[in-house]
Amino acid sequence: MNENTFAIKGDIVWSRHNHTLSWAKDGYLVVVDGVVQGVYQELPAEYEGIRIVDHTGKLVIPGMNDIHVHAPQYSFRGMGMDLELLEWLNTHTFPEESKYADLSYAERAYDIFTDDLLHSPTTRAVVFGTMHVEPTELLMDKLEATGLKTYVGKVNMDRNSPDYLCEKDAATSLADTVRWLNDVEAKATPTPSPSLRRASPPPAPTSSWRVWASSSRRGACPCSRTSPRTCPRLTGCMAWRRGRPATARPTSTLASLTARARP
């Protein structure tokens, strides 16, 4: 039987628009070939015989969208909340993110982050890594393995950050970003879409953004020399969205409406 065809039974809550909630106690959420067909109080005759995932007595809600989360900051979440931004960055963020230059450290840390994300209510996310290319690609691979729908951003930092966490200059930052995009495009299996991200405590710690912005005004993508509207690499690229944050691409799978709980 197709594993992507089933019905979830439970107390299903969803919203048809932003003013009301709909409710089906002991209802059925039907999924066929990974696509939600609808919510029913009684299982329609045409779906009789499909696999039932029984969550009777539990809430089944749409997955949450997290449109801004920093994976390397997960290890010290909740710490330093009494600090001003720059003090918090220098005390916690910069020292921690510098550790991700070590791929083995990134492996362990991103294992924890992606596993916790998988077992949370979040099913779509825009996730930022660090300025390091290989660890950011590792993060993308781990997120892809979860089945969640995500964008992943490489952070660009070539000024206003400590020497131990700073790209040499804007040209180096741009070259690393292009290398990252090339690596992602060359992968044989699908990966989360890349999203360009500048770190943004004032003043912004990257001048490479001006290089991208200048190329954007000329109507060319600096990595592929195509129109930003048609560039196949930069789905969700924030440079071409004129600074608006990318939003996670939609999903038609069960991940968009499911009961999530640790075993």
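Analyst: In this predicted model, the buried residues of α1 pack against α2, which spans 103–118. The buried set in α1 consists of Trp88, Leu89, His92, Thr93, Phe94, Glu96 and Glu97. Helix α1 itself, residues 85–98, is not straight, for it bends by about 30 degrees at Thr91, and a proline, Pro95, follows within four residues.

One of these buried residues, Glu97, is also among the contacts of Thr130, which, leaving aside neighbours within four places in sequence, touches Pro72, Glu97, Tyr100, Tyr110, Thr136, Lys154 and Val155. Thr130 lies in the loop that runs between β6 (122–128) and α3 (133–146), and Thr130 counts as buried because its relative accessibility is 0%, where the cut-off for burial is under 20%.

Thr136, another contact of Thr130, leads on to the packing of α3 with helix α4, residues 170–186, where the two axes come within 10 Å and cross at roughly 35 degrees. The crossing in which α3 passes α4 is right-handed. On the α3 side the contact is made by Val133, Glu134, Thr136, Glu137 and Met140, and on the α4 side by Asp176, Arg179, Trp180, Asp183 and Val184. Sorted by class, this contact of α3 with α4 comprises four nonpolar, one polar and five charged residues.

Technical notes. Residues are numbered from 1 along each chain as its sequence is written. This is a predicted model: local features need pLDDT of at least 70, side-chain atom pairs count only at pLDDT 80 or more; totals for chains, interfaces and linings use all residues. Side-chain values use heavy atoms; hydrogens and water are left out. Helices (H or I, at least four residues) and strands (E, at least two) are DSSP runs, numbered from the N terminus. Buried means under 20% relative accessible area, exposed over 50%, partly exposed in between (1.4 Å probe, protein chains only). Contact means heavy atoms within 4.5 Å. Axes are lines fitted to C-alpha atoms, for helices over the stretch in contact, and angles run from 0 to 180 degrees between N-to-C directions. A crossing is left-handed if the near helix is turned anticlockwise from the far one by less than a right angle, and right-handed if clockwise. Ala, Val, Leu, Ile, Met, Phe, Trp, Tyr, Cys and Pro count as nonpolar, Asp, Glu, Lys and Arg as charged, and the others, Gly among them, as polar. The bend at a residue is the angle between axes fitted to the seven residues ending there and the seven starting there.
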